[in-house]
Amino acid sequence: MKKPAANLPRSLDGVIRDSVMRMHRTMVTIRTVENTVAESVTKKEIGCPCHLYSGEEAIATGVCANLGKDDWIYSSHRSHGHFIAKGGSIDRLFAEIYCRESGASKGRGGSMHLSSPEIGFPGSSAIVSGTISLAVGSALAFKSMKTGRIAASFFGDGAANEGVFYESLNLAAIYRLPMLFVCENNLYSTHMPIAKCLADTDLVKKARAMGVRGTRIDGNDVVGVFKTAKKLTDRMRAGNGPEFLECMTYRHRGHVGPNYDVDKGLRSKNELDRWMRRDPIDLIERRIIASKLATGKELDDIRANIEVGVKAAQKKAMGARWPSCRSDGAFVYASWRDGE
Amino acid sequence: MRRLTYVEALNEALHQLLEGDDRVIVMGQGVTSPWYVGNSCIGLIDRFTESRVLDTPVSENAVTGAAVGAALAGMRPILVHPRLDFMHYAMDPIANQASNWHYMFGGKLSVPVTIWGIINRGGEQGAQHSQATHSIYAHLPGIKVIMPSTPYDVKGMLRASVYDGNPVVFVDDRWLYRIEGDVPEKRYKVEIGKGKVRRKGKDVTIVATSYLVHEALSAAEELAVKGISAEVLDPLTLKPLDEGLIVKSVSKTGRLLVVDGGWSSFGAAAEIMARVAENKEIMEIKAPLKRVALPDSPAPASRTLEKNYFKRAEDIVREAAKLVR
């Protein structure tokens with residue numbers, strides 16, 4: 001990236017140029033990975049179920065830009081975007097989606113179960129709402145260790161149909177934990193529209209009823225997500241207890257796999273088109289160009305450059321070693337004993 | 001040697017764990033209540049304050065998940081469910097999260113959490129205040145299940161489970177709490193995965209779990225009067241099971257009676273019998289393998305029904321005698 005000329009603006013909406021460009025890069029990386037995965041699933045090169053994050057990139061990106069490696073995020077079945085945004089290795093991500101030994105979870109987890117503790121990504125779980133309470137526990141540990149670290153859990157609107165969602169909000173509130181609940185409200189719980197799942201679809205109201213401060217924002221505006229997440233994480237680090245952040249968004253593809261669920265009659269073409277016009281990457285690129293942080297040509301170069309890296313990671317994964325059956329029984333129990 | 005009751009030994013173990021390691025926290029429903037979970041948690045809140053002794057609301061699912069998440073983040077939580085019946089609410093963090101976490105991520109992180117569930121039954125408490133569900137947890141890969149039966153073992157095994165590095169489900173029984181035994185004052189561990197011979201014998205092997213170890217020992221006394229020499233084994237750990245100890249004994253006696261406080265079907269007793277049935281080292285079985293466990297029926301309330309439902313020494317004597325005669 002060339003240094004911007006002195007007369008070019010240094011920020012967008014109060015966010016410095018470097019941050020904006022870094023977030024743009026992360027979002028494009030996520031989208032490129034997801035498009036590549038979609039092609040590979042269609043070609044049946046990938047066998048394990050993949051829940052793609054396309055369309056929701058601004059949320060993981062904007063939130064994680066406020067977190068350090070010591071802050072922990074837990075993710076769900078739709079985990080690729082969170083893994084990338086937290087700084088996970090693309091090589092290890094692809095290798096895991098291809099279920100190879102060199103994968104983030106050594107081929108034992110697959111797309112839904114990624115882990116990279118060294119960057120603050122303890123794991124992602126396929127059980128809806130399943131990691132919210134785990135993140136609450138990690139927040140409890142961080143508070144008890146007086147570390148200033150925070151824990152977050154990313155989940156969808158469907159999680160609000162699980163009882164543990166409410167129990168976890170309440171626990172975080174009574175113990176005043178540094179816990180960030182990030183709800184990616186994409187309006188669908190697998191095939192079911194939110195209004196058929198929840199008698200009252202106002203999730204912020206539910207968080208407030210449990211004693212947790214709630215904020216609803218446009219989840220497709222990465223600068224907005226970044227700024228709000230900054231405000232919330234600053235408050236949490238100052239010891240003001242948990243926060244609930246509801247980000248309104250839309251997943252471009254269906255619940256699982258590369259298709260769009262329009263053919264199945266689950267969503268209308270009209271609705272999909274309307275959200276496609278609010279594509280979070282298009283939105284930020286238009287703003288970057290309009291505010292002269294970069295030119296269209298420069299953005300094209302960034303995208304092309306990312307594409308090369310992603311394709312290389314995919315190719316490497318396809319050629320990587322499969323786990324050996326001789327290792328059956330490995331990893332069931334941890335073999336270490338705590339020294340004391 | 002100093003004599004302590006089971007609950008005193010358990011309480012001493014908690015005190016020593018909390019005072020020796022800042023990572024240890026005790027959490028669960030009622031840990032600071034005036035009853036202190038059957039007095040097991042007495043004195044903890046006074047010494048270690050609310051930051052390390054957390055009385056939790058009845059949100060078993062989230063609280064257990066929080067214990068798992070705290071363990072992942074470096075703590076050594078001991079979480080108590082004062083009744084196993086309520087622990088059913090906590091099945092997701094145990095069966096989906098804790099049990100799988102180490103394997104599912106290729107060994108990246110482990111879950112050093114101790115989940116302590118108490119069998120609390122009798123006294124006409126009925127079907128939902130009586131359950132002994134230890135076998136359910138022993139079915140899950142990645143979980144260890146311990147059932148210490150004496151004051152000495154509970155003190156050492158609780159310590160071993162906190163420092164095991166894996167999720168350990170520790171099941172005890174309120175009927176054990178008044179039992180006395182020798183307990184050293186020092187800190188020590190009793191190894192998980194190793195059973196003990198509680199009484200030597202040659203005619204029949206009785207494998208009993210938890211409270212029923214004591215009933216089996218009474219039964220063995222009575223059997224001796226009848227001229228039957230019973231060997232009583234206490235596995236202490238259900239999973240991983242000390243199969244070698246059982247195989248060695250049955251190889252000698254040729255007869256097996258398993259006594260367990262859970263339901264008969266698909267339970268701990270069934271598994272122990274299956275291990276013996278499958279074993280190729282045992283050359284001679286002199287009688288069909290037999291179990292004494294609960295009938296496949298919920299626990300009753302009425303004392304007349306309870307008396308028949310829960311198993312005691314007399315049931316063990318009767319069935320063991322049938323195997324030998």
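**Exercise 1.** Determine how helix 8 of chain B and helix 12 of chain B are oriented to each other.

*Solution.* Step 1: in this predicted model, helix 8 (residues 212-225) of chain B packs on helix 12 (residues 313-324) of chain B at an angle of about 50°, and their axes are 8 Å apart. Helices (H or I, at least four residues) and strands (E, at least two) are DSSP runs, numbered from the N terminus. Axes are lines fitted to C-alpha atoms, for helices over the stretch in contact, with angles from 0 to 180 degrees between N-to-C directions.

Step 2: angles under 35 degrees count as roughly parallel, over 145 as roughly antiparallel, 65 to 115 as roughly perpendicular and the rest as oblique. The two helices of chain B are therefore oblique to each other.

Step 3: E215(B), A216(B), S218(B), A219(B), E222(B) and L223(B) of helix 8 meet A313(B), I316(B), V317(B), A320(B) and A321(B) of helix 12, where contact requires C-beta atoms, placed from the backbone, within 7 Å. These residues divide into eight nonpolar, one polar and two charged. Ala, Val, Leu, Ile, Met, Phe, Trp, Tyr, Cys and Pro count as nonpolar, Asp, Glu, Lys and Arg as charged, and the others, Gly among them, as polar.

The conventions are as follows. Residues are numbered from 1 along each chain as its sequence is written, with chains lettered from A and ligands numbered from 1 in the order in which they are written. Local features need pLDDT of at least 70 and side-chain atom pairs count only at pLDDT 80 or more, while totals for chains, interfaces and linings use all residues.

**Exercise 2.** Classify K226(B) as buried or exposed.

*Solution.* Step 1: K226(B) is in the loop between helix 8 and strand 11 (230-234) of chain B.

Step 2: a residue is buried if 20 or more other C-beta atoms, placed from the backbone, lie within 10 Å of its own, exposed if 12 or fewer, and partly exposed in between. K226(B) counts as exposed because it has 12 C-beta neighbours inside 10 Å.

Step 3: K226(B) and A321(B) are 95 residues apart in sequence, and their C-alpha atoms are 8.5 Å apart in space.

**Exercise 3.** Describe the side of chain B that touches chain A.

*Solution.* Step 1: 38 residues of chain B are in contact with 37 residues of chain A.

Step 2: helix 3 (60-72) and helix 5 (91-104) of chain B are the elements that give two or more residues to this side. Helix 3 gives the most, with 10 residues.

Step 3: by class, this side of chain B has 19 nonpolar, 15 polar and four charged residues.

How values were computed
Contact = placed C-beta atoms within 7 Å.
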